[in-house]
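This briefing goes through one protein chain by topic, from its overall make-up to individual residues. Please keep the sequence and the structure at hand while reading.

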Amino acid sequence: MNADLSRPHPADREDDSSLRMTFVERELPAGRHQFHKERLMAQIHEDLRAADADAGTVTAARRTGSRNPFLRRSFLVPAAAFALAGALAAGFLTYVDRGAADGPGSTIATGPAMTTRIGTAEAKGTVELLDRISLAAASVGPGVKVRPDQFIYIGSKTANTYVKIVDDKSSLVSQELHMRHTWNSPDGLKGWLIEPGATGPGGLTLDRPKVDGKDMPSTLNVPSHDYLAGLPTDPDVLLKKIYEETRGKGRGPDQQAFTTIGDLLRETYPPAELAAALYKTAAKIPGVVTVDDAVDAAGRHGIAVARLDEENGQREEWIFDRQTLEFLGERVVQVRGDSGEDGLIKEGTVVFTNAVMTRGVVGRMKEMPGAGG
């Protein structure tokens, strides 16, 4: 559920101009800033000094409202850090999954920009839909049991669209769809990430840093499985806690509450009772609507529960299977006006797309569910 940047390998930098890529900046809840910053800066400190020599040709990312591997939102770091983190080409997992624009039998588009048909949003029936989704989540039983010596694995397909700045010239770029693999211990203290564009072939640690010699505590912004198991399941109590812990973060309390729940649904393995409560809690957030059709990063069509960010015109959509109401993934679509540097993100652009492919419990980090051992 957490992510980070890795240090580049010298062998990966032969053709630096062709390997560089940027990570986009998206607002990270303030509680996560220090968490990621400490690990990021510790890992790239030496690389930043080496990068100073060619800083004049570095590609930088500007604020576009899009996603990056920092779970959901990122913080601003020096441009050289983005370039270095992206300079990893050889030996990655196979992850390219090209496709045409959204449509029957297709995957999400890749290329200059990911685009989609903007589905119709309606407030009517949203509460009832979330109630049905909650019941479906509760019906799966008590949920996953994790021993202290085990790890939670989440494999997801993802990509984002961002504005790239080179020599003061802006262009819109979409990542190729790729797999993201995370492992986290139930207490949240140990973890690992493997993701093309964010880590080297072997990945990098997501171990939680210490603050003043003590383990950083779990919060809604830095959750662990054990922490989630202790959250209240009364929707009113849970919503109050979310508002209190995220006060002053994001683009307003309601949007931030919706975003926080979305993060928990996508990048954790919540107990069934909590998952059911999260949906009932979301139904209480003003401005939540139903979107008639949305497509996840795996090309699966479904119905979505969404909320529009009035400030940047982007709609955050949680996508569910129409029959089973299982959570499939999430995307963010520009549905109103233009966004990003020079207004390059136009209506219909998919700013972020994600599909949860596998969740499971394994015996050690880097082990895939079903692999045994």
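**Briefing on the predicted model**

Q314 lies in β12, a strand that covers residues 314-320. The model is a predicted one, and its protein chain holds 8 helices and 14 strands. Of the 373 residues in the protein chain, 57% are buried, and among the contacts with a separation of 6 or more, 69% are between residues 24 or more positions apart.

**Buried glutamines and their polar contacts**

- Q314 has a relative accessibility of 3% and therefore counts as buried, since the cut-off for a buried residue is under 20% relative accessible area.
- The side chain of Q314 is joined to the side chain of Q334 by a polar contact of 3.0 Å.
- Q175 is found in the loop that runs between β4 (169-174) and β5 (178-184), and with a relative accessible area of 9% this residue is buried.
- The side chains of Q175 and N160 are joined by a polar contact of 2.7 Å.

**The largest nonpolar core**

- The largest nonpolar core has 32 residues, of which I133, I261, Y279, V305, W318 and F320 touch the most other members.
- The elements that give two or more residues to this core are the helices α4, α5 (225-229), α6 (235-245), α7 (253-267) and α8, together with the strands β11 (301-309) and β12.
- The element that gives the most to this core is α8, with 7 residues.
- When its neighbours within four places in sequence are left aside, I261 is in contact with I242, L278, T281, A282, I285 and W318.

**Helix α8**

- Of the 11 residues of α8, 9 are buried, so this helix is largely enclosed by the rest of the structure.
- The buried residues of α8 are A272, L274, A275, A276, A277, L278, Y279, T281 and A282.
- Among these buried residues of α8, L278, T281 and A282 are also contacts of I261, while Y279 is one of the core residues that touch the most other members.
- An α-helix has 3.6 residues a turn, so residues three or four places apart point the same way.

**The largest pocket**

- The volume of the largest pocket is about 550 Å³.
- The lining of the largest pocket consists of 22 residues, and those that lie nearest its centre are V140, Y269, E326, F327 and R359.
- Two or more residues of this lining come from each of α4 (126-138), α8 (272-282), β13 (327-334) and β14 (350-362).
- Sorted by class, the lining of the largest pocket has 17 nonpolar residues, 2 polar residues and 3 charged residues.

**Aspartates with positive phi**

- Most residues other than glycine have a negative phi.
- D167, a residue other than glycine, has a positive phi near 50 degrees, and this residue lies in the loop between β3 (151-166) and β4.
- With a relative accessible area of 58%, D167 is exposed, because the cut-off for an exposed residue is over 50%.
- D342 is likewise not a glycine, yet has a positive phi of about 60 degrees, and its place is in the loop between β13 and β14.
- The relative accessibility of D342 is 61%, so this aspartate counts as exposed.

Definitions and conventions. Residues are numbered from 1 along each chain as its sequence is written. This is a predicted model: local features need pLDDT of at least 70, side-chain atom pairs count only at pLDDT 80 or more; totals for chains, interfaces and linings use all residues. Side-chain values use heavy atoms; hydrogens and water are left out. Helices (H or I, at least four residues) and strands (E, at least two) are DSSP runs, numbered from the N terminus. Buried means under 20% relative accessible area, exposed over 50%, partly exposed in between (1.4 Å probe, protein chains only). A polar contact is a pair of N or O atoms within 3.5 Å; within protein, one must be able to donate a hydrogen and the other to accept it, and residues adjacent in sequence count only if both atoms are side-chain atoms. On a 1 Å grid over the protein atoms alone, a cavity is a set of points where a 1.4 Å probe fits but cannot get out, and a pocket is an open set with protein on both sides within 12 Å along at least five of seven lines; lining residues have an atom within 4 Å of a point. Grid points are joined across faces, edges and corners, and a volume is the space filled by probe spheres set on the points. Ala, Val, Leu, Ile, Met, Phe, Trp, Tyr, Cys and Pro count as nonpolar, Asp, Glu, Lys and Arg as charged, and the others, Gly among them, as polar. A nonpolar core is a set of buried Ala, Val, Leu, Ile, Met, Phe, Trp, Tyr and Cys residues joined through side-chain atoms within 4.5 Å. Contact means heavy atoms within 4.5 Å.
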